Amino acid sequence: MRGGQGAVEARVLQFTNCRILRGGKLLREDLWVRGGRILDPEKLFFEERRVADERRDCGGRILAPGFIDVQINGGFGVDFSQATEDVGSGVALVARRILSHGVTSFCPTLVTSPPEVYHKVVPQIPVKSGGPHGAGVLGLHLEGPFISREKRGAHPEAHLRSFEANAFQDLLATYGPLDNVRIVTLAPELGHSHEVIRELTTRGICVSLGHSVADLRAAEDAVWSGATFITHLFNAMLPFHHRDPGIVGLLTSDRLPAGRCIFYGMIADGTHTNPAALRIAHRAHPQGLVLVTDAIPALGLGNGRHTLGQQEVEVDGLTAYVAGCSVESALEAASLHPAQLLGLEKSKGTLDFGADADFVVLDDSLHVQATYISGELVWQAEAARQ
């Protein structure tokens, strides 16, 4: 055995000639990996007296934590809200294909559906670690059906629900067991919503506010009950008004629990949110920004007719925009912040020592060149193989 007592014989990889995102800065340091974790090189050198088994030159590229998408409805023809006979194979396909986008873990999202769909689909999508087979599944995001009719957006009105007197039991009757659920989006102005929020957070489930006509006071009360996230800020909620900013006002509210960070999802495609609105939100509360795709089954397929849950959607034209912030901030909004939202910041969304070695290699234009999960190469661009 090489090194001191207790030295682990797993192979040590050293990624050199790279810029690592750490502590909000891009640092010219090497990244060391062993056993699927980020390694502290000082302990390796001084306690184990060991060097790397393999060195990989990154050609000056950026190494950032793997992206975490907490709102993705499907992709590549797969609709997570469709109760097919083999839901798992569809999730597996999406998990594999999103590796090329730098996503190392995600929350499959179900839009408003009838109870029989939840009862069939939810048990078939368990939490699963990532690897060469695809990105890891962190748990489901159930967006609806307990949302506002006025702000339902693309959610089918026929399947919307409000809470009955025995609210949490009503939720369980709708969804079924919550073992695989990580996030629930609901409208906080619905009657009995606060007891539901408390029950969900007690079970470790993140509650997000969205598809809502709530005023600021109702939103603040929901945060006091345990809500920590806002689903696609600005979209499907009351517009900002200077007399009552609604849910948007949570970004600068002084009536929140001490030390509580409110996170908010943003679809930064230039269509769902104007770049100026994105800049306003980011400058007001940069620590809370979580970039989400809100991707639909049409992801990767282009124009045409596609499904979204119980209805058809027409895709005509695909355009993406960058709203403008530092590279470091944008990368943290796609990795660290969603990890913090889900309470996973010790293991994911970071390249700190001891964290999971889930990371993405990017060129200066932020094009994905390679994706690693647990220190293992799971996807690589053709150009990077040469």
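Author: A236 sits in the loop between β16 (229-230) and β17 (263-266), where helices (H or I, at least four residues) and strands (E, at least two) are DSSP runs numbered from the N terminus. A236 has a positive phi of about 60° although it is not a glycine. This is a predicted model, in which local features need pLDDT of at least 70 and side-chain atom pairs count only at pLDDT 80 or more, while totals for chains, interfaces and linings use all residues. Residues are numbered from 1 along each chain as its sequence is written, and side-chain values use heavy atoms, with hydrogens and water left out.

Reader: Why is D294 called buried?

Author: Buried means under 20% relative accessible area, exposed over 50%, and partly exposed in between (1.4 Å probe, protein chains only); D294 has 16% relative accessibility and therefore counts as buried. The UniProt annotation "active site", from an unreviewed entry, covers D294; UniProt positions are given in the numbering used here, feature names are shortened, and annotations may be inferred rather than shown by experiment.

Reader: What makes R49 exposed?

Author: R49 counts as exposed because its relative accessibility is 69%. R49 lies in the loop between α1 (41-46) and β6 (54-57), and its phi is near 50°, a positive value in a residue other than glycine.
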